[in-house]
Amino acid sequence: MSNKRIGFIGAGNMATAIINGIIANKAKKAEEISVFDLDKSKLGLMAEKGVDTVGSCKELAKKSGIIVLAVKPQNYDEVLADISDEVRDDTVIVTIAAGISIAYVRNGLGRECPAVRVMPNTPLLLGKGASALCRSDNIDDEDFDEVYRMFALSGDAVILTEDKMNAVIAVNGSSPAYFYLFAKSMVDYAVSVGIDRDAAMKLVCKTLEGSAEMLRSSGDTPETLIEKVSSKGGTTIEALKVLKDRNVPEAIFDAMAACTRRAEELGSK
């Protein structure tokens, strides 16, 4: 376990989820974590947890050995410029914003800090997150393990090379929205044929949950699982035929490619 203090710039939903996981799993004590946010009400909520709240980005950078940049991509330039004088050569920078590369962070700071790039997703809020991480060449194993645990404590985490980090946004970062859209369409249909909305939502949510567990635990490929649900001449075959005729599989592929292109635009510098 690294002895470095962890600091969060930004106290929004994602930062809160990570901090809650750290504290709940006793990876660090609340007072060993520092947070800064422009929103004083968010800082108040952090203070109630026993987290150390500070008055500026500079103050946080000065006292933290690991800094998590939990702000929107469009705010990165301002934040990096603000903390550049306080960051040390061994300060670990963690970026969790879509499209923001390790090189982008280093350029903004004007130094080659060890860094970790992470793409988490919003189910992290429930301890069901799926996070992808990549590391810079100059981060030591102890520091990287500390960052890895921050995300693994609230779900599953995988390690990738940085050339895959824009593409993986479409796989785990943005993908909850695809499932929500699919679920909404299913519930809307149920309501249209007279099924109670709450009952339909309950059935759809459990079906999504169970289907995920089948993918995870059955040992079968997605193709095999589709075949097992699809009896010849049955109802599922008819539904799948419409989805294929409407090019839904191709639309999903194209949507994910568009997500990746946008990530590359956000991170261009």
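**Helices α4 and α5**

I started with this contact: Y76, D77, L80, A81 and I83 of α4 meet Y104, V105, G108 and L109 of α5, where contact means heavy atoms within 4.5 Å. By class I find seven nonpolar, one polar and one charged residues in it; Ala, Val, Leu, Ile, Met, Phe, Trp, Tyr, Cys and Pro count as nonpolar, Asp, Glu, Lys and Arg as charged, and the others, Gly among them, as polar.

A note on my source: this is a predicted model, with local features needing pLDDT of at least 70 and side-chain atom pairs counting only at pLDDT 80 or more, while totals for chains, interfaces and linings use all residues. Residues are numbered from 1 along each chain as its sequence is written, and side-chain values use heavy atoms, with hydrogens and water left out. Helices are DSSP runs (H or I, at least four residues), numbered from the N terminus.

Next I looked up the geometry. The axes of α4 and α5 (residues 102-109) come within 8 Å and cross at roughly 50°; axes are lines fitted to C-alpha atoms over the stretch in contact, and angles run from 0 to 180 degrees between N-to-C directions. The two helices are therefore oblique to each other (under 35 degrees counts as roughly parallel, over 145 as roughly antiparallel, 65 to 115 as roughly perpendicular and the rest as oblique). Their crossing is right-handed, meaning the near helix is turned clockwise from the far one by less than a right angle.

**Helices α7 and α12**

Here I noted axes within 8 Å, crossing at roughly 135°, for α7 (residues 165-173) and α12 (residues 248-266). α7 and α12 are therefore oblique, and the crossing is right-handed. From α7, N166, A167, I169, A170 and V171 meet M256, C259, T260, A263 and E264 of α12. I get seven nonpolar, two polar and one charged residues for this contact.

**Helices α8 and α9**

α8 (residues 175-192) and α9 (residues 197-217) have axes that come within 9 Å and cross at roughly 145°. I logged this crossing as right-handed too. The contact of α8 with α9 divides into nine nonpolar, no polar and two charged residues.

**Second largest pocket**

By class, the lining has 17 nonpolar, seven polar and six charged residues.
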